[in-house]
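Colleague: I am new to reading models like this one. Could we go through the terms one by one, setting each value against its definition?

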Amino acid sequence: MDHPLIDLINARIAAAQKDGAFDNLKGAGKPLSDCDDPENAVLHRILKENGAVPEVVSLSRELSALRDELNETADRTKRRDIITNMSLIEARIEMVRNR
């Protein structure tokens with residue numbers, strides 16, 4: 001079933017084309033980039049442009065930083081706290097992977 005406003009939409013598009021609203025668009029005449037997930041392409045582009053990464057990646061980075069901190073720390077209390085935090089992050093990583 002067509003959208004109830006399809007005729008209005010088509011008329012507006014035709015008028016915009018006639019007025020040249022689509023002339024000289026960025027990327028005109030170039031092929032579209034390959035997209036593995038066309039339904040979420042805009043979402044992925046926005047996330048990429050804003051430096052967003054999957055949760056498992058950010059957790060892995062945090063875990064790596066804690067490992068480095070653990071290697072540099074001699075204080076037993078700090079080491080215990082770091083190991084506790086590492087365990088929690090490892091559990092969160094496992095939960096994210098099992099979703």
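Modeller: Gladly! Let us start with contact, which means heavy atoms within 4.5 Å. With that rule, residues 24 or more positions apart account for 43% of the contacts in the protein with a separation of 6 or more. Please keep in mind that this is a predicted model, where local features need pLDDT of at least 70, side-chain atom pairs count only at pLDDT 80 or more, and totals for chains, interfaces and linings use all residues. Residues are numbered from 1 along each chain as its sequence is written, and side-chain values use heavy atoms, with hydrogens and water left out.

Colleague: Thanks! How many helices and strands are there in the protein?

Modeller: The protein has 4 helices and 0 strands, counting DSSP runs numbered from the N terminus (H or I with at least four residues for helices, E with at least two for strands). From the N terminus on, the order is α-α-α-α.

Colleague: What makes the protein more spread out than a compact globule?

Modeller: Its radius of gyration is 25 Å, well over the 13 Å that the globule rule gives for 99 residues, so the protein is more spread out than a compact globule. The radius is taken over C-alpha atoms, and the rule is 2.2 Å times the number of residues to the power 0.38. Along the principal axes, the C-alpha trace spans about 75 × 35 × 20 Å.

Colleague: Why does T73 count as buried?

Modeller: Buried means under 20% relative accessible area, exposed over 50%, and partly exposed in between (1.4 Å probe, protein chains only). T73 is at 14% relative accessibility, so it counts as buried. Buried residues make up 11% of the 99 residues in the protein.

Colleague: Where is T73 placed, and which residues is T73 in contact with beyond its neighbours within four places in sequence?

Modeller: T73 sits in the loop between α3 (55-72) and α4 (76-97). Leaving those neighbours aside, T73 is in contact with K78, R79 and I82. A polar atom of the T73 side chain also lies 2.7 Å from the backbone oxygen of E69.

Colleague: How do you know that R80 is exposed, and what does D81 count as?

Modeller: R80 has 53% relative accessibility, so it counts as exposed. D81 has 42%, so it counts as partly exposed. R80 lies in helix α4, and D81 is found in helix α4 too. From C-alpha to C-alpha, R80 is 9.1 Å from L70, while D81 is 9.5 Å from L70.

Colleague: And what does H44 count as?

Modeller: H44, in helix α2, is at 43% relative accessibility, so it counts as partly exposed. Its C-alpha atom is separated by 28 Å from that of A16, 28 residues apart along the chain.

Colleague: Last one: which residues line the largest pocket?

Modeller: K26, G27, K30, P31 and L32 line the largest pocket. On a 1 Å grid over the protein atoms alone, a pocket is an open set of points where a 1.4 Å probe fits, with protein on both sides within 12 Å along at least five of seven lines, and lining residues have an atom within 4 Å of a point.

How values were computed. A polar contact is a pair of N or O atoms within 3.5 Å; within protein, one must be able to donate a hydrogen and the other to accept it, and residues adjacent in sequence count only if both atoms are side-chain atoms.
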